Amino acid sequence: MAARLARTVTATFTVRHDTLTRKDVALQDSKRPMPPVVPAPPYRHAAPSGPWPWMDFEVEPTTSPTIIEESWQGYPQSQFGNWTPDQVKRSKMLEKCLVNKTSTIYWMDVYDDGKFACPDMGGNSHTTVVGTEHEDAFWEILRGERPPNIRVRSIFVDDLTSPVLRMLGTRYDIEPFFFTSSINWIPSRYQEAPTHKQGDHITVTLPFVRTLRNNSHTSQSAPTSSTSLPQSSDTHINTQAPFIMSDGDMLFIDLLAIHMVRGVKTSTIISYHPESTWCRTSAKRLHFLMRLVGESVYWQKIFDKSKDPTFLFLAILWYALYAWDESFELLYKYLSELELQVLKANDIELTRKLHVLQAHLLHYQSLLHNFEVSVKFIAETQNPAMECSIFDDQRIESMELMKTESGNLLSEIDRLAKRREMLSNRLKNVMDLAFASVNIDDSKQTRKLTEATVRDSAAMKQISYLTMVFLPASFLASVFGMNVTAFTTGGLQTLNRYVEVTLSLTLITVYTVVTLQTQSTFHDPDAPFMRRAVWPFYAVWKIVRALKAREKTVKDMV
């Protein structure tokens, strides 16, 4: 049974075939549109401990009295008077439900003996479709008395409508924060209304990462580089958006929104699924998986040993762990492909891919932390109903069992956190390699430019020397060519005279240039000016000494 459960849970992370819509079919196309981007969560509105739910401090609150209906239609104001119409409107808890025309509810019961069953609710088996014409009937089902042998009743809700939201909130006295957190994708966890020996309410809203495999791509048609990026090159990196890998597989954020009413005789779990499109987890899918939990031998032993309904809550959280584990498997494969590309080619587009992946890994770190804190919250928030005397014989064993099972889940989350850290460190190595490759190429280009500059400098230096040699001759030629009486009276100057003066001025120019240079082969580097001034004698002395040394060497050889 356990193997069957594992195979079934793993299979759910591929494209769902049970409730495909036209939008779901679009996902099969290689040019499929992107799933909606998850909004950035306003964390300040996550729990009822905040005294100002969904208030805008820049706007003066309205104080005009409003008529509140006492029936379920007046929810949430009928039960939570601090929720004004402005706050309800700002939270969009009812506005976002208007797009749904009907709600689909899936029912499941856990009996006192630990057996799982799907009850027949209103003659429609375990599925109830609630439209406008079915509201009164659904309200009667919720108000109906349960059989005495039901330990937990699970309600999985798809496509929540405003009337169904109001009825659930009124019947089970649910804080509006549960609906606002799940509708607005706000991670939250809190306990409310704890009563010793009677029960409490606990809520967990948990975003997690899931995979969506691209079943349309083949080995012969690889996607272009543009399809491997969740954002175009001219936009910022949005970690709330889906992350598309090079082969078309996708990682996107999904949500578990669970509210549990724990009591002595019976308890209730409400699992709300804000969006069942885009292959996000539907109520039908989670309902099916929880039925398989009832067939697991391991979990059956747990429900036999303890009557604490919180174990069913803990079992639902395992779904998020399966999703995380598969996501990291795909990320490992994608990162290996990026490493190979960096080793083969130096492309600036690869650098962007690495940065996008690193940004998502950092975001996944915070989501994993929320997962860990949520499990610790479930483990540490003891059920007040278990303090009742009817549970005296199993209270200690149940607490130890909860500690063990929550520890098992926490150890798996720790493994995921270490795997994420390993991927992040490995990605850092790839990024360092990419930057090193870029630096090596830049160094090669810089070296080539330096060599070209040195060659140009040598050529310019030769031209400068050549110009220096011809400078006196050019100067004298210009002087002798002047139409001045001093040069024409008594006859023209002779060529010998021109050569004598030219050579003299050339020697003086060469002497002056070498003397003023601090770096030259004719004298020591950085020699003082007086030493440079006698450089002709020093040069002759070096030549003579070199000749004598050469003659001595020749004599020694003879």
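How many aromatic pairs does a search of the whole structure find? I began my notebook with this search, and it finds 16 aromatic pairs, where rings of Phe, Tyr and Trp (its six-membered ring) pair if their centres lie within 6.5 Å, planes under 30 degrees apart count as stacked, over 60 as edge-to-face and the rest as tilted.

**Ground rules**

I noted that this is a predicted model, in which local features need pLDDT of at least 70 and side-chain atom pairs count only at pLDDT 80 or more, while totals for chains, interfaces and linings use all residues. Residues are numbered from 1 along each chain as its sequence is written, and side-chain values use heavy atoms, with hydrogens and water left out.

**Confidence**

I looked up pLDDT, the predictor's confidence in each residue from 0 to 100, and found a mean of 81 for the protein, with 83% of its residues at 70 or more. For the elements, I took helices (H or I, at least four residues) and strands (E, at least two) as DSSP runs, numbered from the N terminus.

Where pLDDT is low, the predicted coordinates should not be read in detail.

Tyrosine 75 and phenylalanine 179 form one of them, an edge-to-face pair with 6.3 Å centre to centre and 85 degrees between the planes. This pair links distant parts of the chain, since tyrosine 75 is in the loop between H2 and helix H3 (85–91) and phenylalanine 179 is in helix H6 (residues 176–183), 104 residues apart.

I also checked the backbone here, and the peptide bond from tyrosine 75 to proline 76 is cis, with omega near 5 degrees; proline 76 is placed in the loop between H2 and H3.

**Aspartate 159**

I noted a phi near 55 degrees at aspartate 159, a positive value in a residue other than glycine. Aspartate 159 lies in the loop between S4 and helix H5 (162–171).

**Helices against H9**

I took axes as lines fitted to C-alpha atoms, for helices over the stretch in contact, with angles from 0 to 180 degrees between N-to-C directions. Angles under 35 degrees count as roughly parallel, over 145 as roughly antiparallel, 65 to 115 as roughly perpendicular and the rest as oblique.

The axes of helix H8 (residues 297–305) and helix H9 (residues 310–344) come within 11 Å and cross at roughly 160 degrees, and H8 and H9 are therefore roughly antiparallel to each other. Their contact is made by Trp299, Ile302 and Phe303 of H8 with Phe311, Leu312, Leu314, Ala315 and Trp318 of H9.

The axes of helix H7 (residues 283–295) and H9 also come within 11 Å, crossing at roughly 120 degrees, which makes H7 oblique to H9. I listed Leu286, Leu289, Met290 and Val293 in H7 as meeting Leu312, Ala315, Ile316 and Tyr319 in H9.

**H4 and H5**

The axes of helix H4 (residues 135–143) and H5 come within 11 Å and cross at roughly 20 degrees, which makes H4 roughly parallel to H5. Here I found Glu135, Phe138, Trp139, Leu142 and Arg143 in H4 meeting Pro163, Val164, Met167, Leu168, Thr170 and Arg171 in H5.

Note on methods
Contact = heavy atoms within 4.5 Å.
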